[in-house]
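Colleague: I would like to go through this entry feature by feature. Please show it first.

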Amino acid sequence: MRFRPLFRLGFSCASRMSGDRTTSSAVRPSNVATQYQEQLFDSAAKGNVEHVLAMLKAAVDVDAKNDRGWTALMFAARNGQVSVIKSLLEQGCSMNVLNSSGQTALDIADFWNHSDASSALSDGAVVPTQECQNYYSLNPLNRASDRRKHPEWIHQAVRRDNTKFILFSDLNPFLIEDTNQKSKKSKYVLGLFSYNQLAEHISKKPLLIFLGLETWDPESAVWFAVDVTGVEESKLKDVHKDGFFANPFPLTMQMDDRHAGIFAEARSILTWHDRYSFCATCGSSTVVQEAGYKRVCSNADCRSHKGINNTCYPRVDPSLIMLVVSPDGNRCLLGRKKTFPPKMFSCLAGFMEPGESIEDTCRREVEEESGIQVGRVEYHSSQPWPFPAVLMLGCITHAKTETIKLDNDDELEAAQWFSRPEIVQMLTHQHPGGLFVPPRQAIAHQLIRTWVGKTSNL
Ligand code: ZN
Ligand code: MG
């Protein structure tokens with residue numbers, strides 16, 4: 001009887017709340033907020049858009065949760081209330097909240113076969129065509145790589161009125177506060193500058209990277225990243241008075257999702273330029289070409305000019321991150337690096353070595369770090385990680401053995417099997433021992449959530 005428990009959690013919760021509402025006048029003022037919150041859930045479940053909006057106006061948080069972690073969006077999803085879902089998304093509610101069973105609103109709509117509700121929720125996703133929404137992977141720009149080989153076009157594009165520049169100093173991005181009141185998801189966006197605001201600096205030929213066009217329309221705004229290391233910050237603050245150069249952690253993890261994707265492209269490329277000024281083959285200096293996407297050796301006799309070589313183009317370093325599922329399918333393996341924040345556990349991970357397949361790396365890393373042997377490897381999704389230019393390849397893999405043996409020399413200080421209920425507590429920050437997993441911006445979180453959502457005993 002898979003359906004009963006969720007029915008109790010979802011549907012009857014809302015009816016219990018409408019019961020509470022009838023006694024509202026007798027309740028103390030400190031409970032007024034709770035009453036409004038419960039009315040919000042009740043009207044979301046019943047499809048009463050007007051009342052939902054009225055409750056939000058009455059200052060109820062759009063992502064407020066009840067004691068089982070259910071939000072208004074989940075009640076709407078449970079009952080297939082498409083118009084409520086659309087209104088809540090317009091009001092900037094988060095699609096990423098998990099209830100105490102580890103489900104999102106989309107999981108709930110899918111489970112109850114409310115296909116209209118599921119599509120409304122998918123349409124509300126940051127990039128609707130993308131299956132996974134890994135942070136740093138949601139770059140909306142059209143890279144228009146063919147334009148890179150046309151220096152005259154690039155020269156003109158830099159000088160267009162609607163061209164947008166994002167700034168970096170010592171590889172740190174210039175951020176401003178996200179003042180979009182509708183979205184509570186992000187704290188920061190990239191500070192944008194125009195050519196006129198930077199003309200003097202650009203005349204000194206700083207490192208300038210063509211990031212792409214804003215849309216697939218060739219006339220749409222062009223985006224560039226520009227290195228402004230050494231420029232006085234006060235000059236930039238004339239344009240954005242509260243702007244600042246942000247250290248990567250944790251600030252770039254708190255950006256608007258799309259801007260985080262653009263940042264990831266720009267920072268990976270800029271870091272490459274920062275570290276590869278000289279030819280890896282002969283040691284001569286190199287010259288920037290292709291609008292920042294190539295560095296060519298200045299020595300005409302260098303072997304790097306002949307044949308196929310990978311020393312001229314920006315590098316990407318593939319790394320595997322995997323959730324290991326126990327042989328019985330009921331537990332998963334997480335580990336702790338010494339460098340993690342206290343009480344955080346995450347998926348095992350490691351760099352791919354030359355000549356390895358994804359499966360090889362996954363099996364080798366898991367065995368090296370935990371002594372566990374794994375068999376089947378399923379690819380999940382990937383995430384660019386711009387520190388400096390890693391591509392995280394996320395997998396779910398199935399263990400053949402259960403005995404953990406830590407490698408004393410390795411960076412893991414602990415590894416253990418966790419049951420599904422315990423993982424849900426860790427995902428929702430309700431673990432009695434305070435254990436938790438990385439936040440939604442980390443692909444580890446998405447792997448763990450996928451496993452919980454796929455097979456949780458509803
Ligand atoms: Zn060379
Ligand atoms: Mg390793």
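Colleague: Why is the arrangement of the 4 donor atoms around the zinc ion (ligand 1) given the geometry class that it has?

Modeller: The model is predicted: local features need pLDDT of at least 70, side-chain atom pairs count only at pLDDT 80 or more, and totals for chains, interfaces and linings use all residues. Residues are numbered from 1 along each chain as its sequence is written, chains are lettered from A and ligands numbered from 1 in the order written, and side-chain values use heavy atoms, without hydrogens and water. Ideal angles are 109.5 degrees for four tetrahedral donors. Four donors count as tetrahedral if all angles lie between 85 and 135 degrees. Here the angles are 98 to 116 degrees, which makes the arrangement tetrahedral.

Colleague: Which residues are the protein donors of the zinc ion (ligand 1)?

Modeller: Donors are N, O and S atoms within 2.8 Å of the metal (3.2 Å for Na, K and Ca). Here they are the SG atoms of C279, C282, C297 and C302, 2.3 to 2.4 Å from the zinc ion. Their sequence spacing is C-x2-C-x14-C-x4-C.

Colleague: Are C282 and C302 buried or exposed?

Modeller: Buried means under 20% relative accessible area, exposed over 50%, partly exposed in between (1.4 Å probe, protein chains only). C282, at 35%, is therefore partly exposed, whereas C302, at 2%, is buried.

Methods: Four donors count as tetrahedral if all angles lie between 85 and 135 degrees; four count as square planar and six as octahedral if opposite donors are over 155 degrees apart and all others between 65 and 115; anything else is irregular.
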